[in-house]
Structures are given as structure tokens and as C-alpha cells.
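Look at the model below before reading on.

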Amino acid sequence: MGLIDYLKSQFLEIIEWQDDSRDTLSFRFPDGDKEIKNGAQLIVNESQVAQFIYLGQFGDTFGPGKHTLTTDNIPILSTLKGWKYGLHSPFKADVYFVNTRLFTGNKWGTANPIMMRDADFGIVRTRAYGIFDFHITDVKLFLKEVAGTDDHFRLDEFADTMRSRIVSVFTDALASAKVPVLDVASRYQELGVALLPLINPQVTSKYGIEISSFIVENVSLPPEVEAAIDKRSSMAAVGNLNDYVKFQMAESMTKGGGEAGSMAGTAAGLGAGLAMGQQMMSAMNTAQTTPPAAPPGASPPVIGGGGAAGQLLGPSDLARILGVSEADVLATLEKGDLKGKKIGSTWRVTKAALDDFLKS
């Protein structure tokens with residue numbers, strides 16, 4: 001080997017990083033203790049940024065393209081090294097290539113429940129997970145705060161750290177946004193879009209990255225909150241409760257007696273009982289005007305001279321007439337669908353009010 005060939009082997013003439021991986025965030029060019037030749041060629045590919053570091057200080061930054069390393073185009077490094085008469089000799093510096101492309105499909109999730117204060121349910125514990133996309137926007141800040149001096153910093157090294165940071169920011173953002181639990185559980189896409197402006201300023205200023213997409217895939221709620229949501233949905237689906245009972249009554253009348261008997265105690269059974277009760281009341285109108293004796297302790301008082309229209313009925317009498325449970329009768333009275341008067345803890349209903357209820 002001649003002297004010229006030996007000298008050439010000691011200098012770097014072409015600096016380029018051809019990235020064939022999909023998970024590298026930053027890469028330090030392996031110089032092998034060689035110096036960079038004056039006039040060397042620096043090739044930076046698309047979605048890459050080359051950052052020079054000299055004696056622990058940030059030097060010049062180069063974007064995509066082909067660059068000739070001379071005094072004119074590396075002024076910061078020239079200033080740091082202190083050349084008084086221009087860059088004419090080889091120099092030593094570390095070159096970091098940073099990948100600025102979009103890294104997609106990164107998972108995040110809460111390891112522990114998030115405590116939320118909700119206007120409807122009070123303090124609620126929730127868990128959430130999803131995915132986010134990000135890219136590096138501030139190369140110097142990223143190298144300083146995240147990658148450090150790692151010569152080959154990969155995504156899997158950053159995933160756990162980034163996931164915990166994202167969850168922390170997500171928790172703070174969700175608490176400050178004061179989004180109702182019902183909206184959190186049903187409007188994932190809108191929630192991610194709403195939280196993105198709250199998350200980005202923090203991660204950009206601290207780590208030099210920007211999150212371009214933040215998606216909430218699922219928010220799990222405690223069983224009692226999920227039950228409340230299901231109950232509210234059911235009530236909305238039923239709509240007018242009175243119309244629903246009438247519909248069930250009509251359905252039960254078209255079915256066999258065996259099936260109607262099996263529905264006792266349900267809303268459909270109540271409808272069938274109302275139909276039978278209406279027939280019984282029609283028969284009572286043609287019977288004797290003086291009501292027959294009732295079992296001991298269950299005889300309703302009579303007002304208005306003993307007329308049938310003035311007869312007062314108790315919940316047990318109504319349940320027996322309608323063929324439903326006493327609990328169903330009490331529930332109907334509490335809702336006001338069946339008009340009655342509560343004396344102390346006991347309900348009393350006139351026969352006229354029962355007639356009106358059956359005709360409604």
C-alpha cells in the first residue's frame with residue numbers, strides 16, 4: 001500500500017446512511033476513529049436529517065440532499081472548532097442520522113384505572129387504550145432528551161417510555177377536558193381529535209416529536225356504570241311507557257293462554273291481566289249493587305250509600321281483579337297511570353278510577 005492509499009484510508013470521503021429498517025429512530029455514523037476529509041460528500045436521503053456533534057456540542061444540521069463539507073456550508077462546526085484561516089484540514093465529529101418519517105400504529109394503554117370526576121356518576125374509574133402516529137420534528141431536542149448518545153436507537157427501546165409518557169399526558173388532558181363518561185364511552189374518534197391539541201404541545205416541547213394521529217380504540221368502565229348506560233339506552237328505546245304497555249297488551253291477546261300465563265309478573269303479563277280485568281269489571285256492573293263480603297281483613301270500605309261507583313279498592317283487591325302482582329299495581333299507582341289516593345302508607349282506588357284506567 002502506497003502513502004497516498006494509506007492517507008485516503010484514514011479519511012472519510014462519503015458519509016451516507018442507507019436505512020433498510022422500519023424501526024430505527026436515530027443512527028450514529030460509524031466513523032471507526034476516522035477523520036472527515038475536507039470536501040467530503042454528505043448524502044442525506046429523504047425522511048432523514050444529519051446532525052453533527054463536536055465535543056458534546058450540537059453543530060450543523062443538514063436536510064435531504066447532497067452536501068459538500070467545506071467551510072462555507074458548515075459555519076457552526078467551523079466556529080466550534082475554531083479554525084482561524086478556514087477549513088483546510090480533516091476534522092473529527094460525530095454524525096447522527098435521525099429518521100423523520102411517520103411512525104404509525106404505536107400502541108398506548110393505561111396500566112392502572114384513571115380517576116375521573118363525572119357530573120352524572122361522580123368519581124368513576126376508567127381504563128383506555130388505542131394507537132398513535134408520530135414523527136420527529138426537533139432533531140436536537142430529540143437527541144438531547146430521548147436518544148442521547150445511543151449509536152442505534154430503535155423504536156422498541158422508545159415504545160415503553162413513550163407509552164407511559166403518552167398515558168400520563170392523556171390522563172391530564174382527559175381530566176382537564178372534563179368530557180362526560182357517556183361521551184367518552186361512545187365518541188372515541190371525536191375524543192381523540194379533541195385531545196390531540198392538548199397532548200401535542202407537551203410532547204413537542206419536551207421530546208421534540210409531534211403526534212399526528214391519536215386514536216382511542218376503547219374505554220372500559222366499571223360494571224355499575226355500564227349497567228346504568230344500558231338502562232338509559234333501554235328507556236330511550238322503549239319511549240312512552242304507557243304506549244309500550246298497551247302494545248304488550250295487544251300482543252298478549254293474540255297469543256295462546258298458556259304463553260300469556262307464563263308472562264305473569266312481566267309487562268306483557270300486566271297487559272293480559274288488564275284485558276281480563278276489563279271483562280270482570282263489565283260483569284260487576286251487571287251484578288248486585290251491594291258488593292259481596294270479602295275475606296277478613298281485605299274488605300274495602302263503601303262510600304256514597306253503597307253504590308258500586310263509590311267502592312274503594314286496595315292494592316290486593318286490584319291485583320286480584322287484574323290478575324297481576326301487588327307490586328305491579330303499586331308501581332302503576334306510583335307512576336300515576338292509575339289514579340288513587342294514598343292514606344298514610346295505604347293506597348285506595350275508586351271503581352270509577354279503575355274503569356278510567358282500563359278504558360285508557
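## A sheet of three strands

Three strands form an open sheet in the order S13-S15-S14, and their pairing is antiparallel. The edge strands, each of which pairs on one side only, are S13 (312-313) and S14 (341-343). Strands here are DSSP runs of E with at least two residues, helices are runs of H or I with at least four residues, and both are numbered from the N terminus. Two strands count as paired if DSSP finds at least two bridges between them.

S13 and S15 (residues 346-350) pair in the antiparallel sense over two bridges. In this pairing, Leu 313 stands opposite Val 349 in S15. Strands of a sheet pair through backbone hydrogen bonds, either parallel or antiparallel.

## How to read the model

This is a predicted model, in which local features need pLDDT of at least 70, side-chain atom pairs count only at pLDDT 80 or more, and totals for chains, interfaces and linings use all residues. Residues are numbered from 1 along each chain as its sequence is written, and side-chain values use heavy atoms, with hydrogens and water left out.

## Two loop residues with positive phi

Ser 47 is not a glycine, yet its phi is positive, at about 65°. Ser 47 lies in the loop between strand S3 (35-44) and strand S4 (48-54). Its relative accessibility is 33%, so Ser 47 counts as partly exposed. The classes are buried (under 20% relative accessible area), exposed (over 50%) and partly exposed (in between), with a 1.4 Å probe and protein chains only.

Leu 55 is also not a glycine and has a positive phi, of about 50°. The loop that holds Leu 55 runs between S4 and strand S5 (57-62). Leu 55 is exposed because its relative accessible area is 68%.

## The protein as a whole

The secondary structure comprises 13 helices and 15 strands. Of the 360 residues in the protein, 37% are buried. A contact means heavy atoms within 4.5 Å. Among contacts between residues at least 6 apart in sequence, 65% join residues at least 24 apart.

## Confidence

The predictor's confidence in each residue is given as pLDDT, from 0 to 100. The protein averages a pLDDT of 76, and 72% of the residues score at least 70.

Over residues 1-9, pLDDT stays under 50, and the model has three contacts beyond four places in sequence for them. Residues 259-264 also stay under 50, with five such contacts beyond four places in sequence. Where pLDDT is low, the predicted coordinates should not be read in detail.
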